[in-house]
Amino acid sequence: MNLDSLRAFVAVAEEGQFRYAADRLELSQQAVSKRIAALEASLGVTLFDRVPTGATLTEQGRRFLPHAHSVLIAARHAIESVQSEARPLRVDILGSRLLPAVLMLDFHHTHPEIALKTLVLRGLNAAVPALIAGEIDATFAYHPEPLPPGLDSMVAYLEPHDVIVGDRHPLANRTTVPLDELRAYTIWIPGIIEGSEWGAFYRELSADFGLTIDSTGPNFGFEDLVETVAESKSLVTFWGERTREAGPWLRNLRRLRVVDPTPVYPWSLIRLRANKHPDLTTLVEHIRDHHPPPTDTTSLWLPHQLRR
């Protein structure tokens, strides 16, 4: 048994698919499979059931997972205890075009002296174990449920949501649209992951206003989403205020501010309370000083747990 095999096991257990684990570890899928096979051979048990949707833990795998986590955490602490050079601040940004990437780029420009490494995990379900294990120092996410003990959270940015439509859509000549009016349309958001925090956000928003949100269809990324909406006479999709466009903004695409109220996505900066990385405090102070939440939220829609 070696640490690389344990890392592969934990990554597959958390991601649920070998290809996602391979992306996270920056390895080939074949390399991850070989490490899992070697670990299973050394233990004499099967840790995963291979299913069409990916991989699920066996009973032996479920019993082994917390111990694998403990070994990796202990190994990381042992290494860091003797390292004299400061390591980079490691921050999960969820996606390269989403608001956390914009905030971290601003932080980097403000503090170019700080060594920084950004990672793209796949939501809070992957980020929380990584925080606890010391694999990352911070993440940006919405957390609809209380966080595990030992994690601290602060509101980092309340991001207003617009909608985008094509120039042949009935809303194309508008600059704003009341949230209630969106009941008349199907809002297409492909790729909402079951159990994700953004899935919980859109589920609560749709329940409050009777919206129809369609998450079906393959998710081929921002470029395909934008191009499909631009050519459609009926599709509507939400678009975060600070989401970065994929290349030049298409001429046949229209962006409207949602009003009465404006839905906002509540990004929080989450970190482990016991983490003593010297630059983590600087990041917290930067977010607090540069992006204070608005004092008046009466024109905004927030998830229930954040309402004042």
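Visitor: Which element gives the most to the lining of the largest cavity?
Guide: Strand 5 does, with three residues. Strands are DSSP runs of E (at least two residues) and helices are runs of H or I (at least four), numbered from the N terminus. This is a predicted model: local features need pLDDT of at least 70, side-chain atom pairs count only at pLDDT 80 or more, and totals for chains, interfaces and linings use all residues. Residues are numbered from 1 along each chain as its sequence is written, and side-chain values use heavy atoms, leaving out hydrogens and water.

Visitor: What makes a residue part of a cavity lining?
Guide: On a 1 Å grid over the protein atoms alone, a cavity is a set of points where a 1.4 Å probe fits but cannot get out; lining residues have an atom within 4 Å of a point. Here the lining includes D92, T139 and E197.

Visitor: How many aromatic pairs are there?
Guide: The whole structure holds ten. Rings of Phe, Tyr and Trp (its six-membered ring) pair if their centres lie within 6.5 Å.

Visitor: Why is the F9 and F64 pair called tilted?
Guide: Planes under 30 degrees apart count as stacked, over 60 as edge-to-face, the rest as tilted. The F9 and F64 planes stand at 55°, with centres 5.2 Å apart, so the pair is tilted.

Visitor: What makes F18 and F48 edge-to-face?
Guide: Their planes stand at 65° and their centres 6.2 Å apart, so the pair is edge-to-face. F18 sits in helix 2 and F48 in strand 1, 30 residues apart.

Visitor: Why does F18 count as buried?
Guide: Buried means under 20% relative accessible area (exposed over 50%, partly exposed in between; 1.4 Å probe, protein chains only). F18 has 9%, so F18 is buried. F48, at 1%, is buried too.

Definitions and conventions
1 Å grid on protein atoms, 1.4 Å probe; cavity = no way out; pocket = protein on both sides within 12 Å on 5 of 7 lines; lining within 4 Å.
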